[in-house]
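Notes follow in the order I took them.

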Amino acid sequence: MTASDTADAPTTRPSVVDQRLARVTAGLCRDHPASARAVRGVLAPLRDRLRRVHERCVQADADAWAAYRADLDRGLDELSVEVARAAREPGRASGVDDVLTATAARLEVRAWELRLHTADGDDARVAAARQLVRAVETSLEQLAATPARPALRAQLDHDLEALRRTVEVAERG
């Protein structure tokens, strides 16, 4: 990836990422038709959430955005590889869903980190949001170590929702 690949104009950043996610979704659905419903079920809501996060990331400096985009692109490339691997595993029906859930959460956390990097607002709430980022990362590590655990997925969902609310409240001041 070259610097020009990630030198998106600030006003086009949300649409650039949205289009990238749309292409990845279409490719995964094409390559893994048996998992298409799960792919769309996880990545469509992710696209919506990221679109809202990215609308507030236009203030990010070019270097922070470039680093974020490179990480996003790596994550989406890894998602394709991991979905293919999980789809080949016999007897693990939840494998693709686990991969999608963990990757979507990881990508969303990276977007929130970028947004927090540019956040103006209540310092205590921004600090609380950063602490929630760490909680989500811990949940992701636990989920990676022991996939298909409903309690861990519920904790991950809870931590992500708390992060979303905290950042939005912090930005309102």
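**Cysteines**

I began with C57, which counts as buried because its relative accessibility is 0%, below the 20% cut-off. The model is a predicted one, and I read every value with that in mind. Next I looked up C29. C29 is buried too, at a relative accessible area of 13%.

**Helix α1**

I moved on to α1, residues 13-31. How far apart are its end C-alpha atoms? They are 27 Å apart, and 19 residues at 1.5 Å a residue should span 27 Å, so the two values agree. I then listed the buried residues of α1. They are R13, P14, V16, V17, D18, R20, L21, V24, T25, G27, L28 and C29. C29 from my cysteine notes is therefore on this list, buried at 13%. I asked which helices the buried residues of α1 pack against. I found α2 (36-55) and α3 (62-88).

**Helix α2**

Buried in α2 I noted A36, V39, V42, L43, L46, L50, V53 and H54. These residues lie on the same side of α2, because they cover an arc of only 135° around the axis. Last, I looked up their packing partners. The buried residues of α2 pack against α1, α3 and α4 (95-117).

How values were computed: Residues are numbered from 1 along each chain as its sequence is written. This is a predicted model: local features need pLDDT of at least 70, side-chain atom pairs count only at pLDDT 80 or more; totals for chains, interfaces and linings use all residues. Side-chain values use heavy atoms; hydrogens and water are left out. Buried means under 20% relative accessible area, exposed over 50%, partly exposed in between (1.4 Å probe, protein chains only). Helices (H or I, at least four residues) and strands (E, at least two) are DSSP runs, numbered from the N terminus. The expected span of a helix is 1.5 Å times one less than its number of residues. Contact means heavy atoms within 4.5 Å. The arc is that of the directions from the helix axis to the C-beta atoms.
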